[in-house]
Amino acid sequence: MDLKVFFGNAATVCTVASFFSGANFVGACRNDRTLNNICLQKNLEKGIQCRYISISIFSRCLVVRAFGVLWLRYGLFVKDPVVISVNTIGLVFQTVYVLWYYTFTLNKSTLHKQFLGSGILLGGLFYYLMYLTKDVSSAIQASGLMASAASLMFCAAPFASLADVIKTKSVENLPFPIIISTFVVTSLWFIYGFLLNDKYIQVPNFIGCLLALLQLSLFAIYPSKKLNIDNEKCLDDVA
């Protein structure tokens with residue numbers, strides 16, 4: 001089997017598998033709706049409105065959907081079936097998650113603002129790609145840079161907790177499954193981009209792989225407090 005085909009298929013399968021991480025989010029929306037209603041009833045007199053799912057989760061889905069659109073546009077420009085297929089599937093997943101969240105959330109005014117902001121941003125980028133670039137080569141370069149930048153921002157997102165990790169010397173706030181998934185996926189996409197000699201796939205995924213590896217190293221430097229507590233309990237039991 002051709003290596004390009006093998007790593008292209010492997011990257012697609014692993015990326016699509018990572019999309020299923022949103023299944024927990026879907027279940028949480030359903031389970032927490034009742035809790036949210038109870039919370040509202042208890043705090044109605046105080047004017048307190050509780051949220052059953054963090055807005056940040058919705059924002060993450062919206063961001064993933066946005067950079068998926070950029071990668072899909074790039075894939076269509078370069079006519080890469082692997083990039084086109086994986087981002088089409090990703091858009092379907094993220095659209096379902098966004099609509100599911102919108103259905104259950106009570107704080108729709110904030111979501112409307114985020115929808116409007118992302119729509120204006122993507123609309124402006126697409127207008128630039130379609131009408132302001134000089135030729136197809138310029139459009140490919142611009143879309144590649146946009147998609148690469150979006151991917152790097154997504155890979156670096158867990159670093160927002162870096163200061164807290166160093167301060168507390170604990171990695172409890174770092175999403176280990178997401179980080180390990182990012183490491184595997186970016187590694188496969190880097191190899192695929194290397195085989196294609198596509199710098200827009202190579203560079204962001206190589207940097208994303210290094211960022212994920214750096215984050216994984218924090219788990220060795222700062223072990224989870226929960227793990228330490230469990231180890232102490234085991235030692236006490238043995239004693």
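**Note on an all-helix predicted model**

1. Asparagine 197 is exposed, with a relative accessible area of 65% (exposed means over 50%, buried under 20%, partly exposed in between, with a 1.4 Å probe and protein chains only). Its place is the loop between α8 and α9.

2. Ground rules. This is a predicted model, in which local features need pLDDT of at least 70 and side-chain atom pairs count only at pLDDT 80 or more, while totals for chains, interfaces and linings use all residues. Residues are numbered from 1 along each chain as its sequence is written, and side-chain values use heavy atoms, with hydrogens and water left out.

3. Lysine 169 also deserves a backbone check. Its phi is positive, about 55°, although lysine 169 is not a glycine. The residue sits in the loop between α7 (162–168) and α8. At 57% relative accessibility, lysine 169 is exposed.

4. Fold content. The protein chain has 10 helices and zero strands (DSSP runs numbered from the N terminus: H or I of at least four residues for helices, E of at least two for strands). From the N terminus on, the order reads α-α-α-α-α-α-α-α-α-α.

5. Packing and surface. Of the 239 residues in the protein chain, 39% are buried. Take contacts between residues at least 6 apart in sequence: 74% of them join residues at least 24 apart (contact means heavy atoms within 4.5 Å). The accessible surface comes to about 14100 Å², and carbon and sulfur atoms hold 66% of that surface (Shrake-Rupley method, 1.4 Å probe; for residues, only the protein chains shown count as cover).

6. Aromatic pairs. How many does a search of the whole structure find? The search finds nine (rings of Phe, Tyr and Trp, the last by its six-membered ring, pair if their centres lie within 6.5 Å; planes under 30 degrees apart are stacked, over 60 edge-to-face, the rest tilted). Phenylalanine 176 and phenylalanine 219 have ring centres 4.9 Å apart and planes at 75°, so this pair is edge-to-face. Phenylalanine 176 lies in helix α8 (residues 176–196) and phenylalanine 219 in helix α9 (residues 199–221), so the pair ties together parts 43 residues apart in sequence. Phenylalanine 176 is partly exposed, at a relative accessible area of 40%.

7. Another edge-to-face pair joins tryptophan 189 and tyrosine 192, at 5.7 Å centre to centre and 80° between the planes. These two are three residues apart in helix α8, so about one helical turn separates them. Tryptophan 189 is buried, with a relative accessible area of 9%. Tyrosine 192 is buried too, at 5%.

8. Other ring features. Phe19, Phe20 and Phe93 are linked by ring pairs into a cluster. Arginine 73 lies over the face of phenylalanine 77, at 4.1 Å from the ring centre (the charge counts if NZ of Lys or CZ of Arg is within 6 Å of the ring centre and within 35 degrees of the ring normal).

9. Confidence. The mean pLDDT of the protein chain is 76, and 73% of the residues score at least 70 (pLDDT is the predictor's confidence in each residue, from 0 to 100). Which helix has the lowest confidence, and which the highest? Helix α10 (residues 225–238) is lowest, at a mean of 48, and helix α1 (residues 3–19) is highest, at 92.

10. Residues 34–55 have pLDDT below 50, with 29 contacts in the model beyond near neighbours in sequence. Residues 227–239 are also below 50, but have one such contact. Where pLDDT is low, the predicted coordinates should not be read in detail.
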